[in-house]
Amino acid sequence: MRKEGNAYCYVNKQTGVLSRAYETFTRPITDGPRGGFDVHIYHFQGNAEQSTYAQALWERIRREFPELRIYRFFDKPIGPHPVAMFEVNLFTPAQFGAFISWLVIHRGPLSVLIHPNTEDEERDHTQRATWMGERLPLDLSVFKRMREMKVATNANAIQEDS
């Protein structure tokens, strides 16, 4: 233990080897075409100040982070999202570190949902989610309907194979 400033901290033995988490996302987070993380940036569509700020932020992200995938600017709720938003996909831990630290400073009055992409969408949007700003209630019934549709599709596929 050593003193740094007004506090004591533990000094870890250095091995010269960095954690694999600097290069690849922790399983079960996907490294596929969908991206490892989704970032949903919300604005209240009836609030002109927030909508203007969100539109400007969307444009700025497109210019400053052209390597990221950014979706269209939605002006109304979509899917489980209770208010208007836009989405950004992150594909590497380096992109996550760079973009999220930038967004902490530049998100302004907007709320942000950050979630991993695994095989469990509902859990990704709830238990595994991280929020910046005010947490907004999601419409989780969307995930139940998605599960029901998947079960029905699988049942139809089994019947067709019979």
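**Entry 1: Asp-38**

Which residue's side chain does Asp-38 join in a polar contact of 2.7 Å? I looked, and the partner is Asn-89. A reminder to myself before going on: this is a predicted model.

I then checked where Asp-38 sits, and found it in strand 3. Is Asp-38 buried or exposed? Its relative accessibility is 3%, and buried means under 20%, so Asp-38 counts as buried.

Next I listed its contacts, leaving aside neighbours within four places in sequence.

**Entry 2**

How many bridges join strand 3 to strand 6? I found 5, between residues 37–43 and residues 112–116, with the two strands running antiparallel. Val-39 has Ile-114 as its bridge partner in strand 6, and His-40 stands opposite Leu-113.

On to the link between strand 6 and strand 7: here 3 bridges join an antiparallel pair. Val-112 stands opposite Met-132 of strand 7.

I also asked how covered strand 6 is, and 5 of its 5 residues are buried. Val-112, Ile-114 and Pro-116 point one way, while Leu-113 and His-115 point the other way. Residues on both sides of strand 6 are buried.

The peptide bond from Arg-27 to Pro-28 is cis, with omega near 15°. I noted that one down, because most peptide bonds are trans.

**Entry 2: salt bridges**

I counted charged pairs next, and the structure holds 6 salt bridges. One of them is between Arg-34 and Glu-121, whose closest N and O atoms are 3.3 Å apart. This pair ties together distant parts of the chain, 87 residues apart: Arg-34 is in the loop between strand 2 and strand 3, and Glu-121 is in helix 3 (residues 121–125). Arg-34 is partly exposed, at 33% relative accessibility, and Glu-121 is also partly exposed, at 24%.

Another is between Arg-60 and Glu-64, with the closest N and O atoms 2.5 Å apart. Both residues lie in helix 1 (residues 48–64), 4 residues apart, which is about one turn of the helix. Arg-60 is partly exposed at 28%, and Glu-64 is partly exposed at 37%.

The last one I looked up joins Asp-124 and Arg-128, at 3.4 Å from N to O. Asp-124 is buried, at 1% relative accessibility, whereas Arg-128 is partly exposed, at 28%.

Which residues do salt bridges with shared partners join into one network? They are Arg-34, Asp-38 and Glu-121, which brought me back to the residue I started with.

**Entry 3: rings**

To finish, I went through the aromatic side chains. There are 8 aromatic pairs in the structure. Phe-25, Phe-37 and Phe-96 are linked by ring pairs into a cluster. I also looked at Trp-58: Arg-62 lies over its face, at 4.7 Å from the ring centre.

Notes
Residues numbered from 1 in each chain as written. Predicted model: local features only at pLDDT ≥ 70, side-chain atom pairs only at ≥ 80, totals over all residues. Heavy atoms only, no water. Pairing = 2+ DSSP bridges. Phe/Tyr/Trp six-rings, centres within 6.5 Å; stacked < 30°, edge-to-face > 60°. Lys NZ or Arg CZ within 6 Å of the ring centre and 35° of its normal. Buried < 20%, exposed > 50% of the residue type's maximum accessible area, 1.4 Å probe, protein only. Polar contact = N/O pair within 3.5 Å; in protein donor to acceptor, adjacent residues only side chain to side chain. Contact = heavy atoms within 4.5 Å. Salt bridge = Lys/Arg side-chain N within 4 Å of Asp/Glu carboxyl O.
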